[in-house]
Amino acid sequence: MTADSTDALIRALARDARPVRRLPPPGRRVVRWLAVALPVVALFGALMGPRPDLAEMLTERAFLVPLLAALVTAVCAAHAAFASSVPGSPKWNLWLPAAPLTIWIASLGRQCWQAWLAFGPEGVTFRFDPVCLPVIAMVGAVPAIAIVAMVRRGAPLTPRLTAFLGALAAAALAYVGLRLVHPQDAAFMVLVWQFGSVAVFAAVAGALGRWLLPWRGMGA
């Protein structure tokens with residue numbers, strides 16, 4: 001490429017360049033997302049009504065630990081989703097949800113193990129209770145749409161990972177709302193139907209990531 005052609009290329013790029021507005025940091029975008037998502041969860045709780053034993057359950061470690069772990073997972077996954085749409089963002093951001101997600105799974109698994117030790121096979125009896133999946137999808141829909149719209153303002157170069165993290169955030173928040181209204185405390189059922197619904201929601205969104213978050217570069 002000659003000097004003349006290089007200069008012409010620079011002039012063409014400068015002529016066609018459009019003003020770019022810098023996105024806020026991921027942490028601030030998480031706050032904005034929560035400002036949209038939390039009222040939806042609160043509205044769901046108000047419409048359904050809190051479970052009758054909520055005050056008592058909030059003092060139970062077995063109920064509180066996975067609930068708080070799910071809430072922290074939602075916040076950390078949202079932060080990771082926003083960070084993943086910023087080129088050059090530190091990779092450690094992507095691992096933020098790992099610790100609370102591990103605590104969440106481990107606490108539910110520990111409860112299943114304790115139920116097995118206490119009651120044998122009857123402590124982990126499986127029953128058909130598919131209502132959790134549509135409820136989590138319904139409560140998580142607005143938070144999921146909001147996070148997709150916000151992530152699209154960035155550059156989701158890894159759309160499957162970003163979609164997975166965004167869906168994990170929305171579904172984890174919906175799980176928190178569901179636990180506050182739905183009196184289902186059998187550990188195995190919570191693990192399979194409630195956490196399982198979160199996992200399915202995140203996995204499907206991740207698989208559809210390229211369709212949900214099509215990014216065609218600055219010229220799009």
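Begin by selecting R51. Its relative accessibility is 2%, and R51 therefore counts as buried, the cut-off being under 20%. Keep in mind throughout that this is a predicted model.

The side chains of R51 and D53 meet in a salt bridge, with 2.7 Å from N to O. Side chains of opposite charge can pair when their charged atoms come close. Is D53 buried or exposed, or in between? D53 has 23% relative accessibility, so it counts as partly exposed. The count of salt bridges in the structure comes to one.

**The whole chain**

Clear the selection and zoom out. The chain has nine helices and zero strands. Followed along the sequence, the pattern reads α-α-α-α-α-α-α-α-α. Along the principal axes, the C-alpha atoms fill a box of roughly 80 × 35 × 25 Å. The chain has 220 residues, and 43% of them count as buried.

**Aromatic rings**

Next, select W104 and F195 and show their side chains. How many aromatic pairs does the structure hold? The structure holds two. In the pair of W104 and F195, the ring centres are 4.9 Å apart and the planes stand at 85°, so this pair is edge-to-face. The pair links distant parts of the chain: W104 is in helix α5 (residues 98-119), F195 is in helix α8 (residues 187-207), and the two are 91 residues apart. Both W104 and F195 are buried.

Select P97, which lies in the loop between α4 (61-84) and α5. P97 has a relative accessible area of 5%, so it is buried. P97 and H79 are 18 residues apart along the chain, and their C-alpha atoms are separated by 8.7 Å.

Select R22, in the loop between α1 (3-16) and α2. Is R22 buried or exposed? With a relative accessible area of 79%, R22 is exposed. R22 and G154 are 132 residues apart in sequence, and 9.3 Å apart in space from C-alpha to C-alpha.

**A patch of charge**

Switch to a surface view and select R21, R28, R32 and R153. These four residues gather in a patch of positive charge on the surface. One of them, R28, lies in helix α2 (residues 26-48).

**A nonpolar patch**

For the last stop, select L133, V200, V204, L208 and W211. What do these residues form on the surface? They form a nonpolar patch, with about 490 Å² of accessible area together. Pick out L208 from this group: L208 lies in the loop between α8 and α9 (209-212). With a relative accessible area of 40%, L208 is partly exposed.

Key: Residues numbered from 1 in each chain as written. Predicted model: local features only at pLDDT ≥ 70, side-chain atom pairs only at ≥ 80, totals over all residues. Heavy atoms only, no water. Phe/Tyr/Trp six-rings, centres within 6.5 Å; stacked < 30°, edge-to-face > 60°. Helix = DSSP H or I, 4+ residues; strand = E, 2+ residues; numbered from the N terminus. Buried < 20%, exposed > 50% of the residue type's maximum accessible area, 1.4 Å probe, protein only. Patch = residues over 30% accessible without salt bridge, like charges linked within 9 Å, V, L, I, M, F, W, Y side chains within 5 Å. Areas by Shrake-Rupley, 256 points an atom, 1.4 Å probe, with all protein chains shown as cover. Lys, Arg positive; Asp, Glu negative; His and termini not counted. Charge placed at Lys NZ, Arg CZ, Asp CG, Glu CD.
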